[in-house]
Amino acid sequence: MRTVYLNGDYLPENEASVSIFDRGFLMADGVYEVTSVLDGKLIDFDGHAVRLQRSLGALDMQNPISKEDLLEVHRELVRLNEIEEGMIYLQITRGAPNDRDFVFPDPDTTKPTIVLFTQNKPGLADNPAAQKGMKVISINDIRWGRRDIKTVQLLYPSMGKMMAKKAGADDAWMIEDGFVTEGTSNNAYIVKGNKIITRALSNDILHGITRAAVLRFAREAQMEVEERNFTIEEAKEADEAFITSASTFVMPVVQIDDAVLGQGVPGRVAPRLREIYLDESRKAAI
Ligand code: PDD
């Protein structure tokens with residue numbers, strides 16, 4: 001049984017419970033982060049802590065924990081649950097007032113709820129899907145206008161994954177005004193020649209921590225990077241495509257709807273970026 005963290009306590013998972021009035025439960029009034037663990041160490045902890053603060057700030061929500069203590073909790077959970085490879089999930093909600101109300105509760109009396117738990121995933125880095133490449137379908141992006149805030153309102157992304165599953169695909173890329181925004185839980189990229197193309201940062205997409213690292217490594221390796229919108233048609237004619245996220249790192253995409261990319265197997269750029277990302281991230285893990 002896992003040991004989880006809830007509001008300052010380390011507890012067996014079946015003893016950790018949250019109020020029915022918690023605004024995370026009633027209103028999806030909460031934010032989250034997913035940090036990966038490789039070799040028992042945290043990948044890009046700093047980036048996740050910074051984005052967490054940004055999400056909380058954008059929602060006028062208090063941060064109940066300092067960055068130092070947050071690092072300590074992450075490490076303690078990795079230790080207690082003996083995680084070599086996997087993820088740490090963190091969620092902070094606006095807490096539990098004693099009734100349902102659209103108005104935010106007084107932060108002096110209603111404290112945020114903070115939960116962290118581990119997800120043990122042996123073989124995360126050696127994921128066979130990286131060899132095969134994944135299939136994605138395209139769906140309309142009907143999410144709200146602040147996708148840069150990492151909130152727990154994940155119903156549409158969840159529906160998108162189900163649409164993909166039904167269609168025999170692995171995930172969905174979302175389209176707005178003809179342009180790809182991002183994957184349901186990852187950032188989206190195409191490759192043309194030696195150029196890596198991905199949508200620029202704005203309120204339309206989540207500012208991926210893996211994205212930032214991958215683009216940095218790509219530039220350091222003298223690869224050309226272009227941050228701009230691309231259409232789904234352009235993606236279907238690309239040489240390669242891939243996604244990035246904390247749980248998939250860099251994952252090649254070999255099919256978009258009915259269009260097979262290249263030879264239908266991962267090309268040259270995405271696997272190379274995956275290798276660089278894993279090597280460099282392991283070196284910098286804490
Ligand atoms: N998802 N875009 C969306 C919509 C996401 O949900 C995520 C992450 C990303 C990639 O961000 P990062 O590189 O910081 O993981 C992009 C996480 C992994 C999840 O929901 O499980």
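1. Is Leu 26 buried, partly exposed or exposed? Leu 26 comes out as partly exposed, at a relative accessible area of 32%. Keep in mind as you read that this is a predicted model. Leu 26 belongs to helix α1, which covers residues 23-27. Together with Ile 20, Phe 21 and Phe 25, Leu 26 makes a nonpolar patch on the surface, and the four share about 400 Å² of accessible area.

2. Next, have a look at the largest pocket. The space in this pocket is about 1200 Å³. Its lining counts 46 residues, and the ones closest to the centre are Tyr 32, Lys 161, Thr 184, Ser 185 and Asn 186. By class, the lining splits into 18 nonpolar, 18 polar and 10 charged residues.

3. Where does that lining come from? Helix α5 gives the largest share, five residues. Elements that each supply at least two residues include β3 (30-38), α2 (45-58), β9 (179-183) and β13 (240-245).

4. Now for the charged pairs. Side chains of opposite charge can pair when their charged atoms come close. The model has 25 salt bridges in total. One of them joins Arg 147 to Asp 141, with N and O 3.5 Å apart. Both partners are buried: Arg 147 has a relative accessible area of 6%, and Asp 141 has 7%. This pair is also part of a salt-bridge network that links Asp 141, Arg 143, Arg 147, Glu 176 and Glu 182.

5. Lys 192 and Glu 234 make another salt bridge, with their closest N and O atoms 3.2 Å apart. Lys 192 sits in strand β10 (residues 187-192) and Glu 234 in helix α7, so this pair ties together parts that are 42 residues apart in sequence. Lys 192 is partly exposed at 35% relative accessible area, while Glu 234 is buried at 17%.

6. Lys 283 is exposed, with a relative accessible area of 64%, whereas Glu 280 is partly exposed at 29%.

7. Last, a loop residue. Thr 231 is found in the loop between β12 (224-227) and α7 (232-236). Thr 231 counts as partly exposed, with 23% relative accessibility. Ile 209 is 22 residues from Thr 231 along the chain, and their C-alpha atoms are separated by 23 Å.

Conventions:
Residues are numbered from 1 along each chain as its sequence is written. This is a predicted model: local features need pLDDT of at least 70, side-chain atom pairs count only at pLDDT 80 or more; totals for chains, interfaces and linings use all residues. Side-chain values use heavy atoms; hydrogens and water are left out. Patches are made of residues with over 30% relative accessible area and no salt bridge: like charges are joined within 9 Å, nonpolar side chains (Val, Leu, Ile, Met, Phe, Trp, Tyr) within 5 Å. Accessible areas come from the Shrake-Rupley method with a 1.4 Å probe; for residues, only the protein chains shown count as cover. A salt bridge is a side-chain nitrogen of Lys or Arg within 4 Å of a carboxyl oxygen of Asp or Glu. Helices (H or I, at least four residues) and strands (E, at least two) are DSSP runs, numbered from the N terminus. Buried means under 20% relative accessible area, exposed over 50%, partly exposed in between (1.4 Å probe, protein chains only). On a 1 Å grid over the protein atoms alone, a cavity is a set of points where a 1.4 Å probe fits but cannot get out, and a pocket is an open set with protein on both sides within 12 Å along at least five of seven lines; lining residues have an atom within 4 Å of a point. Grid points are joined across faces, edges and corners, and a volume is the space filled by probe spheres set on the points. Ala, Val, Leu, Ile, Met, Phe, Trp, Tyr, Cys and Pro count as nonpolar, Asp, Glu, Lys and Arg as charged, and the others, Gly among them, as polar.
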